[in-house]
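Here are my notes on this model, for you to check against the coordinates. Please read them with the structure open.

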Amino acid sequence: MTVGLDYRTLIEPVTERARRDPDRPSVVLIGEDGSEETVTAAQFLANAADYAAVLRAAGIRPRDIVILVMRHSKELLSAFWGALYLGAIPSIFPFLSEKLDRSLYVQQVRILVAHCRARAVIAFPQFKPDLAALLEGVDCQIFATDEVPRRAAAEGQPPHEAMPETVALLQHSSGSTGLQKGVALSHRAILNQVRGYGRAVALSESDVIVSWMPLYHDGGLIAGCVMPLVAGVRLVLISPFHWVRDPKVLFQAVHRHRGTLTWLPNFAFNHCARNVRDRDLVGVDLSCWRVINAAEPVRWDSHRLFLERFGRYGLTERALAVAYGMAEATLFVTATPIDESPHVDWVEIRALQEERRALPATPEAAGSAPMTSCGLPIEGAEIGTVDDEGRRLPERWVGEIVVRADCLFSGYYLRPDLDAKVLRDGWYFTGDMGYLADGQLYVSGRKNDLIIVGGKNVYPNDLEAIANEVPGVRPGRAVAFGVPDPRLGTEAVVMVCEVNGSTGSDETRRIESELRRRIAQQTEVTLHDVRLMDTRWLIKTSSGKLARTANREKYLREQGGP
Amino acid sequence: MNAQEMRDRLRDFVRSELLRKPDYPLAADEPLITGGLIDSFALAQIGVFVEDAFGVYLPDTDLTVANMDTIEQMVTCILKARP
């Protein structure tokens with residue numbers, strides 16, 4: 001593996017490859033109609049240079065923030081790498097889905113522009129009028145993708161030579177909370193990630209990465225875009241909208257392109273196993289493929305389900321691996337050692353929950369549960385677990401997972417107040433709970449109330465703020481939390497709200513519908529369960545705040561869960 | 001199978017398998033996905049169910065929120081795709 005050792009910026013290897021090996025395919029894009037488009041190394045750089053030229057001509061300079069409001073497409077790749085070419089800092093905004101409310105969506109773009117003081121937005125033409133109206137008077141230019149001339153020749157100005165320590169890109173998760181936390185990653189951190197994680201999975205130029213993960217997601221952006229382009233590994237890209245309604249496209253693409261590597265959030269294992277038909281897999285050979293479970297807690301039963309379903313097409317147990325990480329560490333900090341299967345650690349579930357100890361148990365023992373290992377720290381990363389006072393814990397004690405790594409972020413963009421909460425003495429406090437055993441990391445839950453649905457971070461306070469505006473819900477009397485959903489292989493979101501009036505009436509039914517609709521259209525979250533309760537159901541802390549964990553436990557006790 | 005039978009079976013499927021609330025008083029014109037009752041992931045599952053239950057294959061390009069947001073729209077879509 002020769003990747004990322006000597007480069008100083010992300011665009012450098014892309015430029016070098018365009019010169020050295022111009023006709024080599026860099027990216028294959030699979031369209032929603034099944035068509036394919038191949039972009040060579042030289043074309044890829046030329047497309048980026050076109051965007052860079054347009055931005056430069058409009059006065060956008062290195063280190064300016066450029067927000068991309070674009071569908072998964074060649075244009076998005078070109079605009080993203082075009083910003084990097086110029087030395088500007090791109091951030092990809094989730095694209096409007098059919099479910100989201102369009103005007104609220106555009107408002108969110110405006111909030112992001114204001115938070116990070118963006119100087120430019122590049123959008124598909126359909127959004128330009130709305131955005132132009134909303135951003136009137138703001139010092140931010142709007143470019144529509146159809147205004148970018150296609151010279152498709154890498155001429156004119158060479159790429160900007162940024163200092164390796166400068167910020168290369170920003171990553172945001174969605175929602176009011178996420179938009180304020182722009183994870184700023186330097187060129188150096190990302191190149192270290194490509195090298196460290198690349199070694200952990202023995203990435204080589206003969207690999208072919210197949211990805212459907214959205215580019216606004218850390219997994220999709222780093223593993224499914226930046227890493228392959230920096231490392232010179234061929235990338236086959238499928239649109240997330242396409243994959244979700246027709247998961248067979250992933251398997252057919254892997255077969256057709258001899259795909260070797262794909263990262264999937266845990267829910268995707270269940271989605272694929274349940275919703276791909278046998279006749280769509282006739283002749284499909286998955287024997288070259290490795291599938292890495294990442295982006296949300298790994299469930300042992302999801303791996304079993306996936307293997308049982310696809311084993312007959314050449315997928316082996318050794319092909320399934322795990323990685324653990326977060327946007328603040330570029331992407332991954334642990335990985336299953338190459339050519340091993342993820343260790344499964346059977347532990348006493350009661351001791352894990354009540355005593356914070358991972359006591360080994362046999363699979364047959366009553367009350368034991370399988371924990372799937374996330375592997376060992378990658379090169380350049382150290383992992384520890386700490387107690388509530390920040391003291392280091394021995395192995396098999398459950399505590400907050402802390403990370404020190406050469407791929408850590410530079411901070412939250414323009415929010416040093418937020419950095420202070422999570423960075424201490426060079427360690428990043430992840431908010432995840434887990435334990436180490438034989439050096440391997442096992443993740444057991446969350447310290448804070450973040451909910452992870454299908455790999456996407458959902459902040460309960462965003463949902464509660466929406467609920468508080470729904471007529472009939474007593475303001476300040478709504479809680480949101482996640483409960484495990486084994487069938488979907490992810491977390492399900494539950495809301496409990498106190499309402500005025502009697503429960504079970506037409507009035508409460510109307511409140512529930514309104515709540516569900518608003519949450520879906522503003523956050524894209526589907527509530528698994530809504531409980532509208534009489535006053536005094538919810539538990540408060542001594543300081544009068546609603547206690548999410550206590551209410552979650554009460555809910556599970558009373559309702560039996562999903 | 002007529003449209004009414006189709007409607008009933010779809011409603012049973014949505015309530016028991018997707019909503020997991022067999023008693024939910026689901027109306028045929030109630031928005032499921034934009035109404036926040038089921039996730040758009042479920043469209044793939046509905047496509048598989050429709051084929052198993054009614055022998056009608058819905059091309060994946062039909063499996064959109066615009067086409068499949070209510071039971072009524074699903075029935076229309078299936079009837080159109082039926083050979």
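1. The model is predicted. In chain A, three strands make an open sheet in the order β26-β27-β28, with mixed pairing. β26 (473-485) and β28 (527-533) of chain A are the edge strands. Each has a single partner strand, so one side of each is left without a neighbour in the sheet. From one strand to the next, the twist averages 20 degrees.

2. β26(A) and β27(A), residues 490-499, run antiparallel and are joined by nine bridges. Ala480(A) has Met495(A) in β27(A) as its bridge partner.

3. α16(A) packs on this sheet and touches β26, β27 and β28 of chain A. The direction of α16(A) makes about 140 degrees with that of β28(A).

4. Now the contact between the chains. Chain A puts in 19 residues, and chain B puts in 19 residues. On the chain A side, α9 (240-245), α11 (266-275) and α16 (506-523) each supply at least two residues. α16(A) gives the most to that side, with six residues. By class, the side of chain A that touches chain B has six nonpolar, five polar and eight charged residues.

5. Check the helix pair across the contact. α11(A) packs against α2(B), residues 42-54, at an angle of about 15 degrees, with the axes 10 Å apart. The two helices, α11(A) and α2(B), are therefore roughly parallel to each other. The crossing of α11(A) past α2(B) is left-handed.

6. Which residues of α11(A) and α2(B) meet? His271(A), Arg274(A) and Asn275(A) meet Ala44(B), Gln45(B) and Val48(B).

Notes:
Residues numbered from 1 in each chain as written. Chains lettered and ligands numbered in written order. Predicted model: local features only at pLDDT ≥ 70, side-chain atom pairs only at ≥ 80, totals over all residues. Contact = placed C-beta atoms within 7 Å. Helix = DSSP H or I, 4+ residues; strand = E, 2+ residues; numbered from the N terminus. Nonpolar A, V, L, I, M, F, W, Y, C, P; charged D, E, K, R; others polar. Axes fitted to C-alpha atoms, helices over the stretch in contact; angles between N-to-C directions. Parallel < 35°, antiparallel > 145°, perpendicular 65-115°, else oblique. Left-handed = near helix turned anticlockwise from the far one by under 90°. Pairing = 2+ DSSP bridges.
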